[in-house]
Amino acid sequence: MLFRSQSVDGTDLSYYLLAYDADSKERQDHPAGLISERILDALDSEPVTDVFLFSHGWRGDVPAAREQYQGWLQAMAKCESDRASIRKKRPGFRPLLIGLHWPSEHWGEEDLSKEVSFAPGAEVADEIDPVSAYATRLGDSPQVREALKVIIEADRSAGVSDSMPEKVIAAYRALDKAVGLPKSGPDAAPGADWQVFDPEAIYEAAKADSPVMESVSFGLPGRGSFLGPLRVLSFWKMKDRARQFGERGVHPFLVAMQSLTAGRDVRYHLAGHSFGCIVASSALAGPVDAGTTPDQVDSLVLLQGALSLWSYCKQVPAGSGKPGYFHRIIARQQVRGSIVTTQSRYDTAVGTWYPRAAWSAGQVEFSVEANLPTYGAVGAYGIQGTGLSPEELAMKSLGESYDFRAGGIYNIEGSGYIKDGRGFSGAHSDIRKPEVAHAVWSAVIG
């Protein structure tokens, strides 16, 4: 019997969970062996017509990834009319579904043999050594740990302070150097698309606006506002990890799959959520100096994307005149079908904390040319900028048709459906709706 990583409860669907480590290398500890080999075997031996690659975003351990993919695919299974339409358009339609997993939860459960969630509550978080937790996220070098010890000890022992102590500022400077993230402006790669790390300014904002600065935490443990700059640094580091995972992990596997199915009528579809949109985009674009370029894919869907709204444009307004990091996807015409994004005003994660994570030294500013923020997310504003002609649409009900055209870019305002949630992220993860799945299917159907 053919192995499947996970059946989807209550549906006729199943998918492979393809897991990678923090270095973007496939995990080799799955009980069934290398899942990539299982996938390639299926592509070689089964009459697969369409391959789907999905990527979760931040705070995803193995159980959380499984739970997310269950929810997304259950929503897609409910779109009976869409499924009938694609079967009519592609007789013999047989999908191969792949859920990508990359470690984006520092205390997460990463045992691939377990099916239950170990998502931490407050009691678990209190037991975790915060130095080790942050070090895992930022790079576990002696220099990182030394700086973290100073910062976290100061946070634990400090009362209310009018200013950040000099020793903490010095520790942050050392930590920033040890982490080594470039700061190259809004036209740079995800993780390098910022300009200034100013711990003092972040601390002042944390005092004045502590709920917002808490929202940048990604759930990392900590009590005081001395940790505000640490959370911001973690945010940019995870953007960088998402890009590297897409470029170094998923990209070569996509090329390998397409090479195996060359000459066959097999279509490929990419979809991501949050930082998973960086993963999907990076997998398609590949590294800037890549020696290989994937064939065209047939759809690209970015759900509540936590990546720059300028990522795909020909010239970033506030940058140095360079194109957005993923503009080469447009220039190469790598998407045969449509590019679809979703937005929601109830998504406070991308609407509030995404720009705030880049706010240092007055970086939250608006482009004179476009009246759009220099640092804003696709999940709040859609794909924007020169060299593009995006269509702005409202999310439709299951009975309404989108009629997406090949080569089109569609920003779908989904506040009518992506609206449920609470806490700092709001409705950021409220994408397990049939109406959201209907938009995904519509991009697939074309």
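Student: What volume does the largest cavity have?

Tutor: The model is a predicted one, and the values we discuss are computed from it. A search of the whole structure finds four cavities of 30 Å³ or more. For the largest cavity, the volume is about 100 Å³.

Student: Which residues lie closest to the centre of the largest cavity, and how does its lining divide by residue type?

Tutor: The lining of the largest cavity takes at least two residues from each of helix H2 (62–77), strand S5 (267–273) and helix H15 (434–445). By type, the lining divides into ten nonpolar residues, one polar and two charged. Of the 13 lining residues, the closest to the centre are Trp72, Met76, Leu303, Ile431 and Val440.

Student: What is the make-up of the lining of the second largest cavity?

Tutor: The second largest cavity holds about 50 Å³ of space. Its lining consists of Pro186, Ala188, Pro190, Asp193, Ser308, Ser311, Gly324, Tyr325 and Phe326. Sorted by type, these lining residues come to five nonpolar, three polar and one charged.

Student: Turning to the open spaces, which element gives the largest share of the lining of the second largest pocket?

Tutor: The second largest pocket has a volume of about 270 Å³, and of the 15 residues that line this pocket, the closest to its centre are Asp12, Leu13, Arg83, Pro95 and Leu97. Two or more lining residues come from each of H2, helix H3 (80–89) and strand S4 (95–101). The lining divides into nine nonpolar, one polar and five charged residues. The largest share, three residues, is supplied by H3.

Student: Is the aromatic pair of Phe52 and Phe54 stacked or edge-to-face?

Tutor: The model has 18 aromatic pairs. In the pair formed by Phe52 and Phe54, the centres are 6.2 Å apart and the planes are at 10°. Planes under 30 degrees apart count as stacked, so the pair of Phe52 and Phe54 is stacked.

Student: Are Phe52 and Phe54 buried or exposed?

Tutor: A residue counts as buried when its relative accessible area is under 20%. Phe52 has 3% relative accessibility, and Phe54 has 6%. Because both values are under that cut-off, Phe52 and Phe54 are buried.

Student: How is the pair of Tyr203 and Phe226 classed, and where in the chain does each partner lie?

Tutor: The ring centres of Tyr203 and Phe226 are 5.2 Å apart with the planes at 50°, so the pair is tilted. Both residues are buried. The pair links distant parts of the chain, 23 residues apart, with Tyr203 in helix H8 (residues 199–208) and Phe226 in the loop between helix H9 (210–214) and helix H10 (228–260).

Student: Which charged residue lies over the face of Tyr325?

Tutor: Tyr325 is one of the residues that line the second largest cavity. At 4.6 Å from the centre of the Tyr325 ring, the residue lying over its face is Arg328.

Student: How many disulfides does a search of the whole structure find?

Tutor: Among the cysteines, Cys277 counts as buried at 0% relative accessibility, and Cys313 likewise counts as buried at 0%. A disulfide requires a pair of cysteine sulfur atoms within 2.5 Å. The number of disulfides found in the whole structure is zero.

Terms used:
Residues numbered from 1 in each chain as written. Predicted model: local features only at pLDDT ≥ 70, side-chain atom pairs only at ≥ 80, totals over all residues. Heavy atoms only, no water. Buried < 20%, exposed > 50% of the residue type's maximum accessible area, 1.4 Å probe, protein only. Phe/Tyr/Trp six-rings, centres within 6.5 Å; stacked < 30°, edge-to-face > 60°. Helix = DSSP H or I, 4+ residues; strand = E, 2+ residues; numbered from the N terminus. Lys NZ or Arg CZ within 6 Å of the ring centre and 35° of its normal. 1 Å grid on protein atoms, 1.4 Å probe; cavity = no way out; pocket = protein on both sides within 12 Å on 5 of 7 lines; lining within 4 Å. Points joined across faces, edges and corners; volume = space filled by probe spheres on them. Nonpolar A, V, L, I, M, F, W, Y, C, P; charged D, E, K, R; others polar.
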